[in-house]
Amino acid sequence: MAKQIEVTRIFNAPIEMVWKIWTDPELVKRWWGPKHYISPVARIDFRIGGQSLVSMKAPPEMGGQEFFSIWEYVKIVPLKTIEFIQNLADKNGNKTDPAKLGMPSDFPLDIKTVVTFKEVADNKTEMTVTEYAEFGSISNFAQIGLEQSMEKMAAIFS
């Protein structure tokens, strides 16, 4: 099973705009979560030691459950790197055992996430998101979910 998942994508946008999709709550709401999910909550506290609360909500035909996550920032190098620890949480931002939310027992508690940015041409930015964790039985779904979020990001710039 994978100990990390990674997705790299080149966006048709300057690095400042690609960076902003991680720091602007209204932009985060547009891409967080897999295809068909919406993100009703994005409270961003973008600073080292800061904690953001985001949610993704399944469509009604998939049960409509809303999942909350917290992102605790450990490293920020403007326009180069964002590093944070991702955890499932309750709606108030309290770290929660994934099994209590209906996730498989092998779902990771802490997910170290590193986002890197690189200008590759005028108005083109390469972004890589790497999630370091053992995703167990849902590795494939985690990879697909990350890829679908990146597709939603790309739509912001089209």
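Entry 1, the lining. I listed the residues around the largest cavity: Trp-22, Trp-31, Trp-32, Trp-71, Phe-84, Gln-86, Thr-113, Val-129, Glu-131, Leu-146, Ser-149 and Met-153. Lining residues have an atom within 4 Å of a point of the cavity, which is a set of points on a 1 Å grid over the protein atoms alone where a 1.4 Å probe fits but cannot get out. β5 (81-89), β7 (124-132) and α3 (139-156) each give two or more residues to this lining, and α3 has the largest share, with three. Helices (H or I, at least four residues) and strands (E, at least two) are DSSP runs, numbered from the N terminus.

A note on the source: this is a predicted model, where local features need pLDDT of at least 70, side-chain atom pairs count only at pLDDT 80 or more, and totals for chains, interfaces and linings use all residues. Residues are numbered from 1 along each chain as its sequence is written, and side-chain values use heavy atoms, leaving out hydrogens and water.

My search of the whole structure turned up one cavity of 30 Å³ or more. The largest cavity holds about 60 Å³, a volume being the space filled by probe spheres set on grid points joined across faces, edges and corners.

How values were computed: On a 1 Å grid over the protein atoms alone, a cavity is a set of points where a 1.4 Å probe fits but cannot get out, and a pocket is an open set with protein on both sides within 12 Å along at least five of seven lines; lining residues have an atom within 4 Å of a point.
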